[in-house]
Amino acid sequence: MRALVYGLMATAAVWCGTAQAQQKTLYVAAYGGSFEQTMRKEIIPGFEKQYGVKVEYVAGNSTDNLAKLQAQKGNQQIDLVILDDGPMYQAVALGFCADLAKAPVYDDLYDLAKIPSNKAVNFGAVGTGIVYNKKVFDENGWPAPTSWKDIEDAKYKKKLVVPPINNSYGLHALVMMARLNGGGEKNIEPGFEEFTDKINPNVLAYEPSPGKMTELFQSGQANIAVWGSGRVKALADTGFPAAFVYPKEGGVVLASAACQVAGSKQAAEAQQFIQYMLMPTAQMALAVDAGFGPMNKTVELKPEQQKGLPYGPEQMSKLLVVDWDTINANREAWNKRWTREVER
């Protein structure tokens, strides 16, 4: 009997070892912070259980994760990467992304989700617009801003904050100023002129850090800023009287995109993970916990869950898309000019 028991134990140990050896590991590179917490708590456990795959999470911002892909070229250690839309267009152009596999869930997405190459997909979005301190505005009898042009108003002198253009929010503002003055991505000159001549006098700081931006509002140094809907939602959730508006000319979409890394050893699992993130349950979690407007049209949010998010056909249709191919081709030169002429 003892020999039988030991034999069964040995067989079980071999079986478990074989099962563990056969379990695949999917390496996902994506943002840190609150997004990582949402992924680890709400998305990854369900995926691992459903597909029997172990997910290893590699945290880093878009610039860092794009650099990892470049450093590992020809021997990729990452199977799936999540980047902001601008860097994702770069990743696609550099050949780091494989074609998306066909799946029914893609039929449920807004047009904003689709990237023309079909090598990546936007799974969530925030919108770039204007945030303001509602309490200060009410005390001064100021109307809420309604236009991109409002940030030029002299009453905001040294009370306006704009991220620099190596940050997507600042870049969106530059593009919108160019568009509103006869230019655009292919003629950025009017945007630079608008910032140099009309916006600069109002700017307290060109601030890239979300934490510092929050401090500037909470200390009363800033009353108005160009920022993203998700960031404003996080600030408002602390009890601060932050209000957000999409300017009448249109807000700008800042999307988060996912792609299977070309050459991945776990290609099928990477495709499954992307599809899993687009399903209603995951989209709901990303909206409620991480502040991403859902790209899946079938997701239904309660009124209190919609606050601060781009949500539904009407809002999604009002978000503008920038020409990332043109921007990425010129961005280095624009950054240098911005430092030299605007933030001098």
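This is a predicted model: local features need pLDDT of at least 70, side-chain atom pairs count only at pLDDT 80 or more; totals for chains, interfaces and linings use all residues.
Local features need pLDDT of at least 70 and side-chain atom pairs count only at pLDDT 80 or more, while totals for chains, interfaces and linings use all residues. Residues are numbered from 1 along each chain as its sequence is written, and side-chain values use heavy atoms, with hydrogens and water left out.

The protein chain has 14 helices and 11 strands. Helices (H or I, at least four residues) and strands (E, at least two) are DSSP runs, numbered from the N terminus. Along its principal axes, the C-alpha trace spans about 90 × 40 × 35 Å. Of the 344 residues, 50% count as buried; buried means under 20% relative accessible area, exposed over 50%, and partly exposed in between (1.4 Å probe, protein chains only). Among contacts (heavy atoms within 4.5 Å) with a separation of 6 or more, residues 24 or more positions apart account for 72%.

Two strands pair if DSSP finds at least two bridges between them. Strand E3 (residues 80-84) runs antiparallel to E9 and is joined to it by 5 bridges, with Val 81 opposite Cys 259. Strand E4 (residues 121-133) is also antiparallel to E9, with 7 bridges, and here Thr 128 stands opposite Val 252. Strand E11 (residues 319-320) runs parallel to E9 and is joined to it by 2 bridges; Leu 320 of E11 is the bridge partner of Val 252.

Helix H11 (residues 280-290) has buried residues at Ala 282, Gln 283, Ala 285, Leu 286, Ala 287 and Ala 290. These buried residues pack against helix H2 (33-51), E4, helix H10 (267-277) and strand E10 (293-294). After H11 comes Gly 291, whose phi is positive, near 80 degrees.

H2 and H10 also pack against each other, at an angle of about 130 degrees and with their axes 11 Å apart. Axes are lines fitted to C-alpha atoms, for helices over the stretch in contact, and angles run from 0 to 180 degrees between N-to-C directions. The two helices are therefore oblique to each other: angles under 35 degrees count as roughly parallel, over 145 as roughly antiparallel, 65 to 115 as roughly perpendicular and the rest as oblique. In this contact, Met 39, Ile 43, Ile 44, Gly 46, Phe 47, Gln 50 and Tyr 51 of H2 meet Glu 269, Gln 272, Phe 273, Tyr 276 and Met 277 of H10. By class, these residues divide into 8 nonpolar, 3 polar and 1 charged. Ala, Val, Leu, Ile, Met, Phe, Trp, Tyr, Cys and Pro count as nonpolar, Asp, Glu, Lys and Arg as charged, and the others, Gly among them, as polar.

Helix H4 (residues 85-93) packs with helix H14 (residues 324-342) at an angle of about 85 degrees, their axes 10 Å apart. H4 and H14 are therefore roughly perpendicular to each other. Asp 85, Gly 86, Tyr 89 and Gln 90 of H4 meet Trp 324, Asp 325 and Asn 328 of H14, a contact of 2 nonpolar, 3 polar and 2 charged residues. Helix H4 also holds Ala 93, which counts as exposed at 68% relative accessibility.
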